[in-house]
Amino acid sequence: TLSLAALVRAMPRLLLRAGLTSSGIMTVADILAQGMERRVLGSTPENPRDYDPYRTARFAVVGLTLHGPYFQRGFAMVDRRFGPSLSKAGKPAWGVIAKKVGTTQFALNAPFMVCLFAWMGVLEGRREPAAVWDNVKQKWPAAFWAGKVFWPCANFVNFRFLGPQHRVAYVASCGAVWNTYISVRCS
């Protein structure tokens with residue numbers, strides 16, 4: 001088996017930086033999300049909402065091994081395919097921005113969520129492929145449809161106002177808000 005340390009050593013520097021950035025943001029975000037869940041949903045003796053460090057660790061691993069590298073490569077592909085979001089005169093290239101947002105929503109986000117829920121299922125201890133797939137089938141549809149408003153808006157800001165070097169950190173930060181929403185909504 002491949003250890004986490006071996007995986008990190010094998011990652012190219014740019015992907016490692018993206019993974020570490022995403023992992024750090026997702027760690028802090030989950031700590032905040034769990035606090036928010038406790039305040040919003042409450043905690044009772046029957047349904048205690050104590051801090052779960054293993055959940056935070058799972059998000060950290062997902063950020064390092066999936067989210068950061070995936071979106072580093074994905075955004076680079078979108079940028080190469082459609083070009084800069086600003087015209088040579090420094091004005092927004094609205095058509096390019098729209099293509100990037102649409103492509104990101106369907107070609108990057110939809111498959112990412114399948115990978116996310118599958119990987120989270122594995123990290124939660126599911127070992128049988130059917131159990132991993134059940135986790136995806138249970139969580140993906142609600143997350144995908146709810147994300148139809150949030151992620152296009154977030155990616156509009158991403159492609160309109162941010163340079164490529166800031167995209168993974170920005171999307172991971174948006175993910176902090178998103179993860180809190182999904183946690184509260186799906187609990």
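Eight salt bridges are counted in this predicted model.

Take R38 and D50. Their side chains form a salt bridge, with an N to O distance of 3.7 Å. R38 belongs to helix α2, residues 13-41. D50 lies in the loop between α2 and α3, twelve residues away from R38. R38 is partly exposed, at a relative accessible area of 40%. D50 reaches 55%, so it counts as exposed.

D79 and K100 also meet in a salt bridge, here at 2.8 Å, N to O. This pair links helix α3 to helix α4 (residues 94-123) across 21 residues. Both D79 and K100 are buried.

Helix α5 holds a local pair. D134 and K137 form a salt bridge, their closest N and O atoms 3.6 Å apart. The two residues are three apart in helix α5, which means a separation of about one helical turn. D134 is partly exposed, with 42% relative accessibility. K137 is partly exposed too, at 48%. Elsewhere, shared partners join D30, E37 and R55 into one salt-bridge network.

W94, F156, V157 and F161 make a nonpolar patch of about 400 Å². Which helix gives the most to the patch? Helix α5, spanning residues 129-161, does, with three residues. V157 is placed in this helix. Its relative accessible area is 30%, so V157 counts as partly exposed.

Note on methods: Residues are numbered from 1 along each chain as its sequence is written. This is a predicted model: local features need pLDDT of at least 70, side-chain atom pairs count only at pLDDT 80 or more; totals for chains, interfaces and linings use all residues. Side-chain values use heavy atoms; hydrogens and water are left out. Patches are made of residues with over 30% relative accessible area and no salt bridge: like charges are joined within 9 Å, nonpolar side chains (Val, Leu, Ile, Met, Phe, Trp, Tyr) within 5 Å. Accessible areas come from the Shrake-Rupley method with a 1.4 Å probe; for residues, only the protein chains shown count as cover. A salt bridge is a side-chain nitrogen of Lys or Arg within 4 Å of a carboxyl oxygen of Asp or Glu. Helices (H or I, at least four residues) and strands (E, at least two) are DSSP runs, numbered from the N terminus. Buried means under 20% relative accessible area, exposed over 50%, partly exposed in between (1.4 Å probe, protein chains only).
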